[in-house]
Amino acid sequence: MESLSCVSCPFFVTHHQPYPFAGQLSTTRTRLRSALKVNATSLVVPLLPFNINEVLVPSESKILHLYEARYLALLEEALVRKKLFVYFVLDPISISEYATEASFAAKCGCLVLIENVERLDVGALVSIRGVGRVKIVKFFQADPFLKGEVIPMQDTTSASPSDVSSKVLSVKEAVYSLNSLEIKLKAPKEAVMQTYVLNSLQWAEKQPSLDCDEAFIPSLPERVSFAAFQPVSGSTQSELVKLQQEKLKAMDLRDTKQRLNNSLEFVEGSISMLAAKLAIQALEMQ
């Protein structure tokens, strides 16, 4: 993690519950370096910071409403750079009790692909998809938007391929069960709909096609291990907070099998929660 010094400025919101954030990164020592040397398995891309409560995991989709000039400039830069940028969160840290400015650490970086852009009278709605985790190794500029060098982060696991494959199958089966319950809760008399969790799983099951080094694309088991961490219909605020905690934990883990175990536990908990809500719904309809 690399620490960043921040002062106040406005931010933007997403289609999920918005979390207001203030922060403008200091331009000191972050000007673009002319003699830039980049590793073959690294990318220099725009970087978009978010509040710690807005973690994005691989396979997750999100719609951003970008409207400030600097973020629209970032969008244009990303569109000419293979539709890629990095979504990361800023974690408040304490450096000194005498510090006069808030300090933050960059963490949970996720390389994202721009899937669609809808231009608006004010700004644009940008549909993005999380691809894989990355580590920010250098910051090159902060004005008009952040840009930096990132390298891929992938899992290492000691589990056998058969054990991992078995866990992948269990997670997939649990996700489909969760999807069925969620549909019944949302619209018992309507046609089948695609939930957030099923949308992520179906994306994870396909090999992503990106114009970048293959090291940035996680393996199938790793992609599936992240797919379960999505909001579920009818979630309470405490359940959404738990989801954010699970996302942070998932991004920090480097063991695929352990994350698959956590995913399965999380989905099974969501299934129990939805089953209880469906039982209450059935009683209310009588």
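Predicted model: local features only at pLDDT ≥ 70, side-chain atom pairs only at ≥ 80, totals over all residues.

Biologist: How do the directions of H3 and H4 compare?

Modeller: H3 covers residues 196–204 and H4 covers residues 220–227, and their axes come within 9 Å. Those axes cross at roughly 175°, and angles over 145 degrees count as roughly antiparallel. So the word for H3 and H4 is roughly antiparallel.

Biologist: Which classes of residue make the contact of H3 with H4?

Modeller: On the H3 side you've got Val 197, Ser 200, Leu 201, Trp 203 and Ala 204. H4 brings Leu 220, Arg 223, Val 224 and Ala 227. Sort them by class and you get seven nonpolar, one polar and one charged.

Biologist: Is Arg 259 buried or exposed?

Modeller: Arg 259 sits in helix H6, residues 256–285. Beyond its neighbours within four places in sequence, Arg 259 is in contact with a list of residues including Glu 222, Ser 225 and Phe 226. Its relative accessibility is 0%, so Arg 259 counts as buried.

Biologist: Which residue's backbone oxygen lies 3.0 Å from a polar atom of the Arg 259 side chain?

Modeller: Look through the contacts of Arg 259, which include Arg 133, Asp 155, Phe 229, Ala 250, Leu 253 and Arg 254. The backbone oxygen at 3.0 Å from a polar side-chain atom of Arg 259 belongs to Ala 250.

Biologist: And what does the side chain of Gln 141 reach?

Modeller: Gln 141 lies in strand E8, which spans residues 124–141. With 10% relative accessibility, Gln 141 counts as buried. At 3.1 Å, its side chain reaches the backbone oxygen of Phe 145.

Biologist: Zooming out, what share of the residues in the chain is buried?

Modeller: The chain has six helices and nine strands. Its accessible surface comes to about 14,000 Å², with 53% of that belonging to carbon and sulfur atoms. Out of 286 residues, the buried share is 50%.

Terms used
Residues numbered from 1 in each chain as written. Heavy atoms only, no water. Helix = DSSP H or I, 4+ residues; strand = E, 2+ residues; numbered from the N terminus. Buried < 20%, exposed > 50% of the residue type's maximum accessible area, 1.4 Å probe, protein only. Areas by Shrake-Rupley, 256 points an atom, 1.4 Å probe, with all protein chains shown as cover. Axes fitted to C-alpha atoms, helices over the stretch in contact; angles between N-to-C directions. Parallel < 35°, antiparallel > 145°, perpendicular 65-115°, else oblique. Contact = heavy atoms within 4.5 Å. Nonpolar A, V, L, I, M, F, W, Y, C, P; charged D, E, K, R; others polar. Polar contact = N/O pair within 3.5 Å; in protein donor to acceptor, adjacent residues only side chain to side chain.
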